[in-house]
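Welcome! Take a moment to look over the sequence and the model, and then we can walk through a few of the features together.

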Amino acid sequence: MAAEPTAQESRSRDLDKLLLRPGNLVGPNFEPGPALRDDLKEYGRVLVVGAGGLGCELLKDLALSGFRKLEVIDMDRIEVSNLNRQFLFRLEDVGKPKAEVAAKRVMERVSGVNIVPHFCRIEDKELEFYSKFSIIALGLDSIEARSYINSVACSFLEYDSDDSALEETSKPMVDGGTEGFQGHARVIVPGVTPCFECTIWLFPPQVKFPLCTLAETPRTAAHCIEYAHLIKWDEVHSGKAFDPDDPEHMKWVYNEATKRAELFGIPGVTYSLTQGVVKNIIPAIASTNAIISAACVLETLKIASGCSKTLSNYLTYNGAEGLHTEVTEFVKDKDCLVCGPGVLIQLDTSITLEKFIDLLKEHPKLLLSKASITHRGKSLYMQAPPVLEEMTRSNLSIPLFDLIGKIPKDVVHAIGTTTKNDKKTSCLRKLRVVFKGVDGIADMDTAGET
Amino acid sequence: MQKLRTIWNYEHFYPFALPNLPSRYRIYLQILSWASWRDAISSLACNNKPICIPTDHKVVFLFSFALLALSRCRDLHCASAGNMIKLFKVKERQREIAANANGKPPVKKQSAGELRLHRDISELNLQKTCTISFPNGKDDLMNFEVTVRPDEGYYLGGTFMFTFQVSPVYPHEAPKVKCKTKVYHPNIDLEGNVCLNILREDWKPVLNINTIIYGLFHLFTQPNYEDPLNHDAAAVLRDNPKMFESNVRRAMAGGYVGQTLFPRCM
C-alpha cells in the first residue's frame with residue numbers, strides 16, 4: 001500500500017500545492033481540488049511550437065506540470081551543435097526530426113503523458129489543426145513564425161455585436177524567447193491582452209550591412225562572410241539558391257569568406273561565425289532557456305487552472321550582469337488589424353461588391369471612399385494600380401457573399417481614404433461582415449454542395 | 001537594484017537567495033538552473049536506471065516560484081484569463097459532437113504584412129514612365145515586377161526591370177529587390193544586386209514601395225561612384241564621365257563594355 005501511492009504523490013506534490021489549496025492571490029473562479037487536477041490532465045491540450053532549445057524545456061516542464069495531452073511541431077532536424085542545450089537529443093539522433101525525438105524522449109521519462117509530434121512547417125497545417133488546442137506555447141526564434149502563429153490564433157477570436165471579445169473563442173498563447181543571457185516570457189490572450197502584432201513595432205530592425213561596403217570596403221569578418229553569402233554566391237552559382245541548411249553550401253561560403261578576409265587582412269573568420277552570421281544565430285544558453293521555459297509553463301498552468309492571476313503581460317529577464325527582471329504591461333492597439341474587433345457590417349446576401357464599396361462611403365464609423373477590398377489575401381477589388389483594377393473589375397457585379405465563399409460571416413479588409421479634420425487621409429480597416437438570414441447550418445449545406 | 005529589493009518581499013517564494021547579498025542572486029539562479037540542466041542531461045544520458053525526475057521537477061517549480069514572485073511585483077489585471085479549464089472542457093465536448101459534421105474548407109491566412117502591402121500597392125503613385133505588373137495574378141501581390149524607364153540622364157531611353165519579393169513581416173523587413181536587366185551601372189552589379197541604402201541599412205517601416213521605386217529612379221538619374229557595386233563602372237564615372245556616358249550607351253544598345261556583353265534594353 002505504501003510504495004505505489006508515494007511515487008504518485010511525489011510526482012504531483014508540488015503541483016498539488018497549487019491546485020488543491022485555496023489562496024489569496026488566486027484568479028477569479030478558482031476552484032481548488034482534485035477535480036481541477038484531473039481536468040487539467042483530461043482537457044488541457046497544449047501545442048508546443050518549436051522543439052529547439054526552448055521547445056525541449058517547454059515539453060519537459062509541461063509534462064511535469066500535469067499536462068497529459070501535448071503536441072509538438074517543428075520542421076528541423078537535429079544537428080550536432082544543438083546537443084549542448086537541447087538536452088532531449090543524443091549524438092545518435094543527429095539527422096532525425098527534432099519533434100519526433102523530443103516527443104519520444106519525454107514520453108519515455110514521464111509516464112502517462114502523450115505527445116504527438118508533427119515534423120512539418122507551421123504553415124503546412126490547416127487552421128483546423130490549431131483550433132483543437134486549449135493553449136499554444138511558443139518556443140520560436142523568428143518574428144515571422146511568431147507573427148504567423150499569432151495571426152492563426154487571433155483568427156479564432158470572435159466579437160459580439162457590442163465589439164466585446166467572446167472569451168470562449170480566445171486562444172491563449174504563451175510566448176518565450178531567449179538570446180544569450182536575455183529572455184522574455186509573455187502571455188497573449190487575444191481580445192484581452194495585446195497580440196503580437198499590436199507591439200511588433202517594438203522590435204529593433206535587423207542589422208544589415210550596405211552591399212557596397214561588403215563589395216568594396218570590408219572591415220570586419222562578418223562583412224567578408226556576408227560578401228561570400230550575398231554577392232559571391234550569386235556570381236558563381238548563377239540561379240542556384242543558397243540553402244543555409246546545406247553543409248556543402250555553408251562550407252563554400254566559409255572558404256570564400258576566408259579568402260576574402262586574407263585579401264583584406266581581416267582576422268576572425270571561422271566556420272561557426274559563418275553559420276552565425278548567415279543564419280543570424282545568437283549563442284543560446286541552456287540556463288536562460290530553463291528559466292524562460294519555467295516562466296512560460298507556469299503561465300500556461302495559471303491560464304488553464306486559474307491558480308494565480310496571469311502575468312500581465314510581458315516579462316523580460318536579463319542574466320548578463322547580476323539578475324534583472326521586469327514586468328511591463330503592454331497595451332492593446334484597439335485598431336489592431338489582427339486582434340481588434342474591426343467594424344461590424346450587416347449585409348444582405350444579394351449585395352454586390354460595387355454596392356458594398358458604396359456602402360462604406362456612407363457608413364458612419366467609416367466614411368471610407370474609393371475603397372479597395374481584400375479577403376484572406378485575395379484582391380476582391382483594387383482601385384489602383386490600373387493593371388490590378390482591370391484584373392479585379394469583373395468582381396464588382398458579383399455579390400460579396402459569393403465572392404467570400406458563401407460563409408455567414410467573415411473578415412474583409414478595406415483600404416481607402418477618409419476625411420479627418422478636413423484632411424484626406426488613407427486608412428486600412430478591418431470589417432466584420434455578417435450576412436442576414438444565413439445561419440451556420442445553411443452554411444454547412446452549401447459547403448457540402450460545392 | 002530596485003527590482004532586486006522587491007524579491008526580498010517575497011521570501012516565502014524564494015527562500016534560498018535571501019540570506020545573501022543581492023549580487024549573489026544571479027549565482028544562485030545560475031547554479032540552480034545549471035543543476036536542472038545537468039540533472040536532465042545526466043539522467044537522460046545514461047542508459048542505466050534514471051535518477052528520479054521529481055528533483056528536476058522541483059527545480060522547475062522553484063524557478064517558477066521565483067518568477068511568479070517577480071511577476072507579482074505589478075498590479076495584475078489579466079483577470080479574465082483565469083481558470084479556462086472549464087471552458088476547454090466545454091469546447092472538448094462540443095468538438096466531439098461536431099466531429100461528425102463536415103470540416104470547413106481550407107482557408108488561406110492573410111498576414112499583417114500582406115495587408116500593409118495591399119495598402120501600399122493601392123496607393124502607388126507611379127511616375128508615368130514606370131509600370132508595375134503581377135506575374136502570379138491578382139491574388140499574389142507579394143511578388144511583383146516594376147519596370148523603370150529613366151526620363152533623363154545617362155540612362156535616358158533604357159528600360160530596366162526589377163523584381164520585388166516582399167516578406168510576410170513587411171514592413172518590419174525591407175522587400176528584396178533585384179535588377180533583372182543586366183546593366184552597366186556603378187551601384188548595380190552584374191548579378192542584379194542593388195546598392196540602395198533604404199533597401200538594407202536604412203530601411204524603416206515608415207517607408208513604402210513608392211519610396212523604393214523613387215529610390216530606384218534616382219539611381220538612374222544620379223549614379224553614385226562613391227558606393228560602388230560595379231567597381232569598374234564606378235571608376236570610369238569618377239575619372240572620365242564622357243567615357244562613362246559612351247559605355248552606358250554601348251551597353252544599352254546591346255554590346256560589349258570591356259569583357260562583358262550587355263543585352264539591348266532600349
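## An annotated domain

Which residues of chain A does the UniProt annotation "domain: E2 binding" cover? According to the unreviewed UniProt entry, the annotation covers residues 345-436 of chain A; such annotations use the numbering given here, have shortened feature names and may be inferred rather than shown by experiment. In this span, 23% is helix and 42% is strand, and the end C-alpha atoms lie 10 Å apart.

## How to read the model

This is a predicted model, in which local features need pLDDT of at least 70 and side-chain atom pairs count only at pLDDT 80 or more, while totals for chains, interfaces and linings use all residues. Residues are numbered from 1 along each chain as its sequence is written, and chains are lettered from A and ligands numbered from 1 in the order in which they are written.

## A buried helix in chain A

Helices (H or I, at least four residues) and strands (E, at least two) are DSSP runs, numbered from the N terminus. Helix α3 of chain A spans residues 53-64. Because 12 of its 12 residues are buried, α3(A) is largely enclosed by the rest of the structure; buried means that 20 or more other C-beta atoms, placed from the backbone, lie within 10 Å of a residue's own. Among them are A:Cys56, A:Glu57 and A:Lys60. Just after α3(A), A:Gly66 has a positive phi of about 100°.

## Confidence

The model scores ipTM 0.82 and pTM 0.81. Chain B averages a pLDDT (the predictor's confidence in each residue, from 0 to 100) of 73.

How values were computed. The expected span of a helix is 1.5 Å times one less than its number of residues.
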